[in-house]
Amino acid sequence: MPTIAVLRFPGSNCDDDTRHAFAAVFDARACFVWHTERELGAVDAVVVPGGFSYGDYLRSGALAAHSPVMGAVRAFARRGGAVLGICNGFQILTEAGLLPGALAQNEGLRFVCRDVFVRVEATTPFTARYRPGERLRLPVAHHEGRFVADEATLERLEGEGRVVLRYVAADGERRPDANPNGSLHDIAGIVDERGTVMGMMPHPERALEPLLGSSDGRGLVQALIDTAAAA
Amino acid sequence: MSGGTVASVPALVPRLPVGVVAGPEQAERFGLAPEEYRQVIAHLGREPLAVEAGMFGALWSEHCGYKNSRPLLRRLPTTGPQVLQGPGENAGVVDVGDGWGVAFKMESHNHPSAVEPVQGAATGVGGILRDIFAMGARPFAVLDALRFGDHTTARTRYLLDGVVRGIAGYGNAIGVPTVGGEIGFHACFEQNPLVNVMALGLLRHEQLQSGTVGEAGNALVYVGSRTGRDGLGGAVFASADLSEASAADRPAVQVGDPFMEKLLLEACLEAIEAGLVVGVQDMGAAGLTSSVAEMAHRAGRGVDLRVDLIPRREHGMTPLEVMLSESQERMVLTARPDQVAALLALLRHWELEALVVGQVAEHDRFRLWEGETLVGDMPVAPLNEAPTYVREGREDPAVRAARAYDLRALPLPDDAGAVLLRLLADPGIASKEAVYRQYDHQVMTNTVLVPGAADAAVLRIKGSRRGVAATIDCNSRYVYLAPRLGAALAAVEAARNLAAVGATPLGVTDCLNFGNPTVPETYYQLQEAVEGLREACLALSTPVTGGNVSLYNQYRAEEGPQAIHPTPSVGMVGVLPDVERRAGMGLRREGDVVLLIGAGEPAIGASSYLWEVHGLEAGTPPALDLEAAARLVNCLARLVQDGLVDTAHDVGEGGLAVALAEMALLGGRGVDVEVPPRLAPRWDAALFGEAAALALVAVPEGRAADVERAVAAVSLRVERLGRAGGEDLRIRHRDAPAGGIDLTLERARSAFESTIAEALAT
């Protein structure tokens, strides 16, 4: 059975939810790795969970990106290991330079918590369980989720098919009011050049059980377990 | 001092503490009336030192000592088989089955929010969360009840925006979902808004903690933020009227640090689970003074506290300042001497500052030391037993006259649809989506019914079939016009809201927001409201397991004192035996039969309709038959729990028409009903009148007869009103102009959704 490392920074608050997602909902092995660790141990995939690491008092994710454990994550990613950053985790991965671009304050300058629709735009190890073009209903909850990057970076991301998830309306079409935060190109999730490091603002771990309103996030979690099992 | 050793305390030789003596004038500045000052002297056998007078003043303030409310609060029922912890600890706890308990409590942060809305509200959240995890429970939901002035004024918009940002900023960061609550608006709250925050926590029965020092020899451990001059005298500040000068009290408002609190939360729960603590207590109002005094009192012990060891943020703080600081995110833990080292190591792993600052003694005194020097020495019991006052209350004749106002001659409106649109846009009724969008209501992945989806929030318990429901309710206008009836109606509404999602009510936490108790008209409101709450809680079998009292919600304006509408917020918690069997309020299916169930007749006295359309704050709130109201609660909860009903909504403010519109808007489908004229003597009362025991349910045709039978079996009214479906709101009444209401859902939606969004627009 593969082991998923869930990083834990002071101020992480989706750490328990993420572990629950893998361990209780899917019966995989999930372990916490504290931010001061320099080694990940024998793990097959890494999740950087949501929250307010270090209180997000500087820039979201900026301090966490420099914590000791991130050195180990970088090495893990260099070896081709799968790394998924969710919400604050996405912010941390961009601050750490593992993903391009940055997450700026939402256009409305307020925290946004609601369900959104995203469209699967690319086939990657993370989205292997979905059909291309499939529309997912997932919750977002963030204050800094507006993906920004310079024109050249955006062009590369689009050209290389690295935009994995895009905000769309309920009918699957792109529309300004379907974008909850003003992200450029309606970007909700991207991967790195190798396609093994992914960051996304929506919370798949909150959309696994029909009891909580949506189970559209199951494919993402299951795909990460698949990838980890093959690692 | 290094970790692992208990603070050294000088040998206990009787001696007098050293310091500046406080005279009667200085004592009065600490909130001690001349007679109370004399009592302090009697307890001490000498004049108090300044620090002692300050500590007595803080603990004897209304906020900590309940000196005007305690005799009244004793009237409230507090026991029941489901109560695991009644009043007197950091929070009450009820049994929800399968070995799980829910700790819950509500507190006010009104005065701080009036002068600094963001931090005032944020620290309100922080404080109540600490009360919950001090019980050994993991906080898993926050609700808040808010009141503001007229929603169009610049001040209200500033306060609303700030309070919402404060709640969001703290709750979202610490990762506890904000799942519900209520917001009301009335000019009487313009200067003195209400911010009541309720938190719930989940614990296994065996994890239940007490805020006690335990045995002599135990160590007092300080953990968390350093102590600064912020929040100095907060308890006293909260126990006086607000005025223009209150802005100068801004230093009495503290600043919250949810990041620090998250560490404290995790560390404390881990320490409790590891069995390393004897007692836990939050440093809330009156800081170290109240936390240590209360813990000592619960154990019947004395304490020796080394004031000089308390970590400080600023230089030159006096013992008085240290003892009264209300710096946030600080806790006191007590530990057995042999476990201190392990406890400190655990706390430091979470990167917290933690150290031993004193120890539990054989004596019964609260002694303060600076090194070898005794700087304060007070008996523990009197500190915790504020003198109480029973006052004379009398009803304001103007309120009596307003209540007796003859509504029979009131003209009938000429367009029922226009009335409904006005009510849907009333800020008290209008959608609060623009507010709760800013709250993370899903973190912790337990939220089953999100804000706005049902009459109460519903959370699952991981690893159990059970669910927990919670709500806060109070109609301030009802309580203003008839305090006893209004308070009882608040409890009844809360119970009805829980029943409407399928929960059996278990217990209550109350937050009593009133004006100045030395004003006889205000005292009367308090007295009567407590009595009404007592009657309702007895009828509903929902004991009051804790809460808080916020008096002096009065603004000293130039033209005379302006008191708020009395607002006894009722926070209620219930249990769903099977969380899969629950009800939301949105209409789910085309063709569902819409049924009205309950007892009593809707009436327009004290209603939102009367206020919004006729500009009147008058009449009597809905007549209440407590026995019938309790029967409806049981019946409704049972209908959902038996799997007969999955769509239900309480008939509340705005009456039947508003309730139907909300069910339609939430479900995204229309409704077509015929309201029977026999429901009320006037058509406006039938459509917009309010009631104490009515609810709507919607069920597929095949189940309607079963529901009718079940409701009739408990001698409640059941009326088939019509069906769900289509794109329009059709609420017909034979006597209404043009036969009643016929609106598109879209028109209703734009009325319902714009008011609060506009109030929050920047």
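The contact between the two chains draws 35 residues from chain B and 30 residues from chain A. The model is predicted.

Visitor: How much area do chain B and chain A bury between them?

Guide: The contact takes 35 residues from chain B and 30 residues from chain A. Of the area buried, 53% lies on carbon and sulfur atoms. The total that chain B and chain A bury between them is about 2,600 Å².

Visitor: Which residues of chain B lose the most area to chain A?

Guide: Three residues together account for 22% of what the chain B side buries. Elements of chain B that give two or more residues to this side are α8, α10 (258-273) and β14 (447-449). The residues that lose the most area are Phe259(B), Gln442(B) and Thr445(B).

Visitor: Which residue of chain B forms a salt bridge with Arg110(A)?

Guide: Side chains of opposite charge can pair when their charged atoms come close. Between chain B and chain A the count is 3 salt bridges, alongside 11 residue pairs in polar contact. For Arg110(A), the closest N and O atoms of the bridge are 2.8 Å apart, and the partner is Asp161(B).

Visitor: How far apart do the C-alpha centres of domain 1 and domain 2 of chain B lie?

Guide: The domain assignment gives domain 1 of chain B as 24-75 + 210-384 and domain 2 as 399-550 + 564-760. Their contact takes 9 residues from domain 1 and 12 residues from domain 2. The C-alpha centres of these two domains of chain B lie 42 Å apart.

Visitor: Which three residues supply 56% of the area that domain 1 of chain B buries against domain 2 of chain B?

Guide: Domain 1 and domain 2 of chain B bury about 960 Å² between them, 57% of it on carbon and sulfur atoms. On the domain 1 side, the elements giving two or more residues are α4 (62-65) and α5 (70-73) of chain B. The share of 56% is more than any other three residues supply, and it comes from Asn68(B), Leu72(B) and Arg75(B).

Visitor: Which side chain meets that of Arg75(B) in a salt bridge?

Guide: Across the interface of domain 1 and domain 2 of chain B, the rule finds 1 salt bridge. The count of residue pairs in polar contact between these domains is 2. With a separation of 2.6 Å, N to O, the side chain that meets Arg75(B) is that of Glu531(B).

Visitor: Which residue of β6(B) stands opposite Lys105(B)?

Guide: Strand β3 (residues 100-108) and strand β6 (residues 194-204) of chain B pair in the antiparallel sense over 9 bridges. The residue in β6(B) that stands opposite Lys105(B) is Ala199(B).

Visitor: Which residue of β11(B) stands opposite Tyr222(B)?

Guide: Strand β7 (residues 219-224) and strand β11 (residues 354-361) of chain B pair in the antiparallel sense over 5 bridges. The residue in β11(B) opposite Tyr222(B) is Leu355(B).

Definitions and conventions:
Residues numbered from 1 in each chain as written. Chains lettered and ligands numbered in written order. Predicted model: local features only at pLDDT ≥ 70, side-chain atom pairs only at ≥ 80, totals over all residues. Heavy atoms only, no water. Pairing = 2+ DSSP bridges. Helix = DSSP H or I, 4+ residues; strand = E, 2+ residues; numbered from the N terminus. Domains from an automatic or database assignment. Contact = heavy atoms within 4.5 Å. Buried area = accessible area lost by both parts, 1.4 Å probe. Salt bridge = Lys/Arg side-chain N within 4 Å of Asp/Glu carboxyl O. Polar contact = N/O pair within 3.5 Å; in protein donor to acceptor, adjacent residues only side chain to side chain.
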